[in-house]
Amino acid sequence: MKEDIYILAIESSCDETAASVVKNGRTVLSNVISSQIALHTLYGGVVPEIASRKHIEKINQVIEEALTQAGMTLEEMTAVAVTYGPGLVGALLVGVAEAKAIAYAAKKPLIGVHHIEGHVSANFIEHPDLEPPFVCLIVSGGHTHLVIVKDYGEFEILGRTRDDAAGEAFDKVARAVGLGYPGGPKIDKAAKEGNPNAIDFPRGKIEGSPYDFSFSGLKSCVLNYINHANMTGEKINVADLAASFQHSVVDSLVSRTVAAAQEFGYRKVAIAGGVASNTALRSAMKEACEKAGLTLYYPSPIFCTDNAAMIGTAGYYEYKKGNLSGWDLNAVPNLKLGER
Ligand code: KG4
Ligand code: ZN
């Protein structure tokens with residue numbers, strides 16, 4: 001009989017302290033997330049020093065809770081996986097140091113996981129039928145990538161953002177229009193009451209790079225629109241502005257993703273990262289994929305934003321490939337996709 005593989009996974013790259021136990025790569029036995037959002041809301045964004053300090057305070061408790069909820073002990077784990085990049089260096093270091101200490105003390109193998117590989121792997125949790133290859137759009141607060149997932153942990157990058165990440169654009173526009181932090185969910189909600197065609201915002205394009213993204217021009221247009229309204233004393237319809245901005249972002253994301261799947265001949269498409277929980281993106285992508293005869297996969301919202309279950313899933317496939325880390329594993333804040 002094949003032995004079950006249990007991964008204890010830790011994630012602390014930004015503002016969530018998270019731990020999870022994942023069985024055989026796809027069964028999540030626990031998924032504990034301690035969010036710092038309320039704390040950072042006071043400052044309108046993530047404050048790195050506060051994030052690191054909070055991770056230190058919470059991490060032991062979160063790991064214990066993950067093991068308790070799974071009904072398992074550290075001794076029963078096969079290996080310990082941890083996000084080692086990209087992310088905030090101080091925040092990453094807390095998770096990496098903790099994982100090393102635990103794995104060393106319990107004599108378990110250590111697996112350093114790429115945060116973005118984690119986001120992509122979130123799709124495997126609820127879709128047992130999904131296997132590479134497929135096209136994946138990764139849209140988070142720090143990243144916007146369109147890739148072919150050639151195999152587990154193997155990516156061919158088709159396009160990326162040339163300036164702001166999609167989530168970053170959501171956060172900046174939300175702040176400018178007074179919706180607060182984190183902007184994505186606030187814009188998503190406000191947009192439901194608005195008209196997506198009320199304001200004609202541009203779709204950022206990069207000449208000669210059909211799969212690259214650009215959101216800074218759109219962001220400037222929104223800021224100009226707000227400034228102009230403020231100067232002339234016009235009242236801004238926040239719902240219409242949110243819906244129109246979101247429509248422009250979603251349109252850019254959906255058109256490139258579907259075009260890539262068609263050009264390169266893939267029938268399966270997945271989306272990943274915090275922005276993949278956006279309701280307008282999910283429904284527009286679903287409609288476009290259906291029209292094009294493609295099968296769309298997306299994780300539940302709780303597995304889109306930062307969590308450790310996705311790190312456990314990615315960690316499992318790295319473990320199977322024999323990609324273990326040494327005790328010299330370090331945080332790599334600007335780790336590129338495809339690097340180890
Ligand atoms: O993946 P994630 O949790 O962290 C990073 O790795 O960056 O993504 C966070 C980003 C934030 O920019 C947040 O505003 C955005 O995801 N986000 C959303 C939604 N929920 C989270 N953006 C649009 N619509 C949402 N519903
Ligand atoms: Zn993330």
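Lys 107 is found in the loop between helix H3 and strand S5 (110–114); helices (H or I, at least four residues) and strands (E, at least two) are DSSP runs, numbered from the N terminus. I open with this residue for its backbone. Phi of Lys 107 is near 55°, a positive value in a residue other than glycine. Lys 107 is also exposed, with a relative accessible area of 73%. Here buried means under 20% relative accessible area, exposed over 50%, and partly exposed in between, with a 1.4 Å probe and protein chains only.

A word on the basis of this talk. The model is predicted: local features need pLDDT of at least 70, side-chain atom pairs count only at pLDDT 80 or more, and totals for chains, interfaces and linings use all residues. Residues are numbered from 1 along each chain as its sequence is written, chains are lettered from A and ligands numbered from 1 in the order in which they are written, and side-chain values use heavy atoms, with hydrogens and water left out.

Asn 24 is another non-glycine residue with a positive phi, about 50°. Asn 24 sits in the loop between strand S2 (16–23) and strand S3 (27–35), and at 28% relative accessibility it counts as partly exposed.

There are also cis peptide bonds to report. One joins Gly 85 and Pro 86, with omega about -10°; Pro 86 lies in the loop between strand S4 (79–85) and helix H3 (89–106). Another joins Tyr 181 and Pro 182, with omega about -5°, and Pro 182 is in the loop between H5 and H6.

I turn now to the metal. Which residues coordinate the zinc ion (ligand 2)? They are His 115 (NE2), His 119 (NE2) and Asp 306 (OD), at 2.0 to 2.1 Å. Donors are N, O and S atoms within 2.8 Å of the metal (3.2 Å for Na, K and Ca), and water is not among the atoms, so sites may look incomplete. The angles among the four donor atoms run from 96 to 129°, and the site is tetrahedral, a label given to four donors if all angles lie between 85 and 135 degrees. Along the chain the donors follow the spacing H-x3-H-x186-D. His 119 lies in helix H4 and Asp 306 in the loop between helix H10 (301–304) and H11, so the pair ties together parts that are 187 residues apart in sequence. His 119 is buried, at 1% relative accessible area, and Asp 306 is buried at 14%.

Helix H11 (residues 309–320) has 12 residues and reaches 17 Å from its first C-alpha to its last, close to the 16 Å expected at 1.5 Å a residue; the expected span is 1.5 Å times one less than the number of residues. Of the 12 residues of H11, 10 are buried, so the helix is largely enclosed by the rest of the structure. Among them are Met 310, Ile 311 and Tyr 316. H11 is followed by Gly 322, whose phi is positive, near 80°.

I close with the lining of the largest pocket. Helix H4 (115–125), helix H5 (166–176) and helix H6 (183–191) each supply at least two residues of this lining. The largest share, six residues, comes from H5.

Note on methods:
Tetrahedral: all angles 85-135°; square planar, octahedral: opposite > 155°, others 65-115°.
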